[in-house]
Amino acid sequence: MAVYQQNTLPFAPDEVLGVAIGTPNPDDLQQRHVGFIYQIDDFGPRFCHFAWHYKLEDEPLPPDYGWGPSGLDLVNKTVIAAYVALLKQNARDVPYSIDYDDEVCYFDNNGRYITQPIGRGLTCATFILSVFSQLGFNLVEADTWPERPDDAQWQQQIISVLTRYVLPEHIEAVKQQVGAKRFRPEEVAAGVISENIPLNFSAAHTLAQEILQDLYPS
Amino acid sequence: MAEPASGPLKPADIMPAIAGLTQLLEANRFEEVDRLLKSVKVSHAAPEIMVALLRITYPVRGKRLRHWSKLLRDVRAELSARHLDSERILRGLA
């Protein structure tokens, strides 16, 4: 198993860091969502995730989400869990956007989002990539990621919804990014749980398929 | 920040250190942070504290913190001396 269902096998009490992945809308299994899972006390695992435009959330882990433990060593898991626990109060005002540049630093040394040119931002998945990058980890080899036609379709869908929430100039700039390579939630989840980071696309894709099998057993 | 290690620390144990470090960085008190890095006694510090110091300051390591690289070298040597996998723990920082 790559990931486990929280409602059948809960995040272990002695785990401190992992990734949670699920489907925010049960009617749309193609739209998946991913975030950090961390545990710092006896009150159960927390789900820290970039939910949407300017919405960084930190809440109890939903029971219908799947989770996988971080593939890092215990020392780093402990450090990152503590860092993520403090994120909510530091990293605010993150815009949503579909492009990701692994050369860009998205957070300053205080963990605060650095304002990017109009139209730039993060997704739930690239939020995770950027936080790990801030701390010196590359989860994936971004230059091995392909541009996929069905990702452009997803990007168009996101833009149609995003239009209702953001300024027109932001959406116009986001439209220019359609066709950009996409780091899917299950691929980034693969990077979090793997012990062999950074993952190239082939390795991430293989593990991502395993994650999807675990989430949606046929 | 350089207290004797007595078993693995939990995330809650190091959150105050991370929060304090973040506040110093937020106030651009880089000289103070650099002095802090210089003052770490790696032979007495918990691995979680040493790694937190290195990783939280990683984005500004080359610009403002003259002692960051030396601390990285010292931590690597100390972790190895404790028979911990220093390459794995410090990956991405070199």
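These legends describe close-up views of a predicted model.

**View 1. Six strands of chain A form an open sheet.**
The strand order is E1-E6-E2-E3-E4-E5. The pairing is antiparallel. Strands E1 (4-5) and E5 (55-60) stand at the edges. Each has a single partner strand, so one side of each is left without a neighbour in the sheet. In a regular strand the side chains alternate between the two faces of the sheet.

**View 2. Strand E6 of chain A pairs with E1(A) and with E2(A).**
E6(A) covers residues 66-69. Two bridges join E1(A) to E6(A), and the two run antiparallel. Tyr4(A) stands opposite Trp67(A) of E6(A). Gln5(A) has Gly66(A) in E6(A) as its bridge partner. On the pairing of E6(A) with E2(A), there are four bridges, again in the antiparallel sense. Here Val19(A) faces Gly68(A) of E6(A) as its opposite residue.

**View 3. A hairpin joins E4 and E5 of chain A.**
Strand E4(A) covers residues 46-52. E4(A) and E5(A) pair in the antiparallel sense over six bridges. Cys48(A) has Asp58(A) in E5(A) as its bridge partner. Two residues lie between the strands of this hairpin. Tyr54(A) takes a positive phi near 60 degrees in the hairpin.

**View 4. His33(A) lies in strand E3 of chain A.**
Is His33(A) buried or exposed? His33(A) is buried, because 21 other C-beta atoms lie within 10 Å, and 20 or more is the cut-off for a buried residue. Leaving out residues up to four places away in sequence, His33(A) touches Gly22(A), Pro24(A), His49(A), Cys124(A) and Pro185(A). Tyr65(A) is 32 residues apart from His33(A) along the chain. Their C-alpha atoms are separated by 9.3 Å.

**View 5. Helix H3 of chain A is mostly covered.**
H3(A) covers residues 124-134. Ten of its eleven residues are buried. Among them are Phe127(A), Ile128(A), Leu129(A), Val131(A) and Phe132(A). Ser130(A), Ser133(A) and Gln134(A) are buried too. What covers the buried residues of H3(A) includes E3, E4 and H6 of chain A. Just after the helix, Gly136(A) takes a positive phi of about 100 degrees.

**View 6. Helix H1 of chain A is mostly covered.**
H1(A) covers residues 74-85. Its twelve residues should span 16 Å at 1.5 Å a residue. The end C-alpha atoms are 16 Å apart, which agrees. Eleven of the twelve residues are buried. They include Val75(A), Val79(A), Ile80(A), Tyr83(A) and Val84(A). Asn76(A), Lys77(A) and Thr78(A) are buried as well.

**View 7. Chain A meets chain B.**
In this contact, 24 residues of chain A touch 25 residues of chain B. Which element gives the most to the side of chain A that touches chain B? H1(A) does, with nine residues. The residues on that side of chain A divide into 13 nonpolar, nine polar and two charged.

**View 8. The largest nonpolar core has 89 residues.**
Those with the most contacts inside the core are Val19(A), Tyr38(A), Ile128(A), Ile211(A) and Leu53(B). H1(A) gives the most to this core, with eight residues. In soluble globular proteins, nonpolar side chains tend to be buried together.

**View 9. Arg35(B) sits in helix H2 of chain B.**
H2(B) covers residues 30-39. Arg35(B) is exposed, because 11 other C-beta atoms lie within 10 Å, and a residue with 12 or fewer counts as exposed. Ala46(B) is eleven residues apart from Arg35(B) along the chain. The C-alpha atoms of the two are separated by 18 Å.

Conventions. Residues numbered from 1 in each chain as written. Chains lettered and ligands numbered in written order. Predicted model: local features only at pLDDT ≥ 70, side-chain atom pairs only at ≥ 80, totals over all residues. Expected span 1.5 Å × (residues − 1). Pairing = 2+ DSSP bridges. Contact = placed C-beta atoms within 7 Å. Nonpolar A, V, L, I, M, F, W, Y, C, P; charged D, E, K, R; others polar. Core = buried A, V, L, I, M, F, W, Y, C linked by C-beta atoms within 7 Å.
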